[in-house]
Amino acid sequence: MTHRTEEELIGYRDGEPKERAAIAAHLKECVECREELVRIEAVFGALDAMPIPDPGEDYGERVWQRVAPRLGEKKARWWEALIVPQRLVALGGVAALVILAFVAGRMTRVPVTPMDQVDAAKVRERVLVVAVGEHLGRTEMVLMELENAPAQKGEKTINFSETQRRAEDLVEENRLYRQTALKEGDRAMASTLDELERVLLDIANSPNELTPAAFESIRKRIEEQGLLFKVRVVKQGLDERKTNPEAKPAENQAKGTERKKV
Amino acid sequence: MAEEVAVSDSMAVERTLAGDRDAYRVLVERHSRSVYRMAYRMMGNAHDAEEVVQESFLRGYQKLKQFAGNSNFGTWVYRIAANYAIDRIRQRNADEAKRETRSKPTEDSLEVDPLSQVRDMSPSPERLAGSAQLAERMKSALAELSPAERTAIVMRHWDGCGIEEIAAVLKSNPNATKNTVFRAVQKLRRSLAPYLEGNEARAMGTEG
């Protein structure tokens, strides 16, 4: 009689359907293969007999105690990466100084020569370019944060007071830059800043605790208006003007360019 | 009953996704022990098993959005734990290999000579005496399996996982996975033969 192989018997024991009936019939007839199967079974018996120390009834609770703080850390890291508070404070300080200098420049009326006027205009534009560039960078961060936030479902409200606090700061800056851009005749920038201002105001004036639906609605608006894209286009234009002061403002560039997924 | 558990698990998942971090606690507390059992069998000691459990729930939390909700959370986190455990075993083996020059073959080697293993472990009366020694020997026998074999036998035998499910963890195909299960059983049998087969032949002889 041809005996069954070890592989076939292990497969049979494991429930392998292939040749199942034939192997069963063979096992009825063959004592040696039956004994072989018993020896294989003993391995599984030994596996079952292997003790596992009981971690205790409160094990789940202990795991939670260990895991929970790390979930917190992760969340904090996520926010920190976007906010970078120290950097924001530093940037805010610089921006405040620039604004102050800029406003003071606008308000001071002293007799000047035509040459001085040209230089002053250049300086003013340069200050504007740098300051607005930084302002857009910060706005971009807030928008990105909202746009990239995970989709929310259910009824649990979302606390986004941290984002709101920053949006509030940006609204004031934004208003100043928009008015300046209008006076300077930079319509593309003024128009983008106008759109930004509305969204920033919406964010700043929303309740601290938002329903997922309200949160989604703000996010959708940012996406539908292509705000992030427009901000980036204007910012890019400013960066070019920073390196090449003679370059033209990014007039209507945002409007003329088909919106891409950002 | 099973359905009831599935519903409350999925509710906890939904609440966690909606931003309620504490909802995840329910899932951790409910499934820690079963994940621990698997992790212990995979890792062979309590310290490493606990690390696998914690890391698996942490990863589960981070990947929760990917949880389709079409299987139950217990199965899902079990799979994360199996994946993590197999990586940890591989890493542990690599670290050990770096630390010491081993005289025996590496656990990844498939060319283990079963006969020489049997000879190395010729039974002494003391070793045959009790199940404690057998349990110890089983731990060593499991440790001698390759990470894939170990994962396959733990998932298949103890946890009754399907071949497809194991194949997914091993990133392999069902036929190769069946072979891995077979090799694992075969190797364990060779390792334990000195402890088992003499006794078994006597004990079971009457049934033949």
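These questions and answers walk through a predicted model with chains A and B. Residues are numbered from 1 along each chain as its sequence is written, and chains are lettered from A and ligands numbered from 1 in the order in which they are written. Because the model is predicted, local features need pLDDT of at least 70 and side-chain atom pairs count only at pLDDT 80 or more, while totals for chains, interfaces and linings use all residues.

Q: What are the ipTM and pTM of the model?
A: Two scores go with the model as a whole. The pTM is 0.52. The ipTM is 0.76.

Q: Which element of chain B has the highest mean pLDDT?
A: pLDDT is the predictor's confidence in each residue, from 0 to 100. Chain B averages 80, and 75% of its residues score at least 70. Among its elements, helix α5 (residues 114-120) has the lowest mean, 41. The highest, 95, belongs to α3(B).

Q: Over which residues of chain B does pLDDT stay under 50, with 29 contacts beyond four places in sequence?
A: Two residues are in contact if their C-beta atoms, placed from the backbone, lie within 7 Å. One stretch of chain B below 50 is 199-208, with seven contacts beyond near neighbours in sequence. The stretch with 29 contacts is residues 106-129.

Q: What pattern does chain A follow along the sequence?
A: Helices (H or I, at least four residues) and strands (E, at least two) are DSSP runs, numbered from the N terminus. Chain A has 11 helices and two strands. Their order is α-α-α-α-α-α-β-α-α-β-α-α-α.

Q: What percentage of the residues of chain A count as buried?
A: A residue is buried if 20 or more other C-beta atoms lie within 10 Å of its own, exposed if 12 or fewer, and partly exposed in between; C-beta atoms are placed from the backbone. Chain A has 262 residues. The buried share is 24%.

Q: What share of the contacts in chain A with a separation of 6 or more comes from residues 24 or more positions apart?
A: The count takes in contacts in chain A with a separation of 6 or more.

Q: Is His3(A) buried or exposed?
A: His3(A) sits in the segment before α1 of chain A. Beyond four places in sequence, His3(A) touches Cys30(A), Glu32(A) and Cys33(A). Glu32(A) is 29 residues away in sequence, and the two C-alpha atoms are 8.0 Å apart. With 12 other C-beta atoms within 10 Å, His3(A) is exposed.

Q: How is α1(A) set against α3(A): oblique or roughly parallel?
A: The axes of α1(A) and helix α3 (residues 31-49) of chain A are 10 Å apart, at an angle of about 60°. Axes are lines fitted to C-alpha atoms, for helices over the stretch in contact, and angles run from 0 to 180 degrees between N-to-C directions. Under 35 degrees counts as roughly parallel, over 145 as roughly antiparallel, 65 to 115 as roughly perpendicular and the rest as oblique. So α1(A) is oblique to α3(A).

Q: Which residues of α1(A) meet α3(A)?
A: On the α3(A) side are Cys33(A), Glu36(A), Leu37(A), Ile40(A) and Glu41(A). The residues of this contact divide into five nonpolar, no polar and three charged. Here Ala, Val, Leu, Ile, Met, Phe, Trp, Tyr, Cys and Pro count as nonpolar, Asp, Glu, Lys and Arg as charged, and the others, Gly among them, as polar. From α1(A) come Leu9(A), Ile10(A) and Arg13(A).

Q: Is α8(B) roughly parallel or roughly antiparallel to α9(B)?
A: The axes of helix α8 (residues 147-158) of chain B and α9(B) come within 10 Å and cross at roughly 150°. That angle makes α8(B) roughly antiparallel to α9(B).

Q: Is Lys171(B) buried or exposed?
A: Lys171(B) lies in the loop between α9 (163-170) and α10 of chain B. Its phi is positive, about 55°, although Lys171(B) is not a glycine. Most residues other than glycine have a negative phi. With 9 C-beta neighbours inside 10 Å, Lys171(B) is exposed.

Q: Which element gives the largest share of the side of chain B that touches chain A?
A: The contact takes 41 residues from chain B and 39 from chain A. On the chain B side, α1 (2-17), α2 (23-43), α3 (46-62), α7 (131-144) and α10 (174-204) each supply at least two residues. By class, that side has 20 nonpolar, eight polar and 13 charged residues. The largest share, 11 residues, comes from α10(B).
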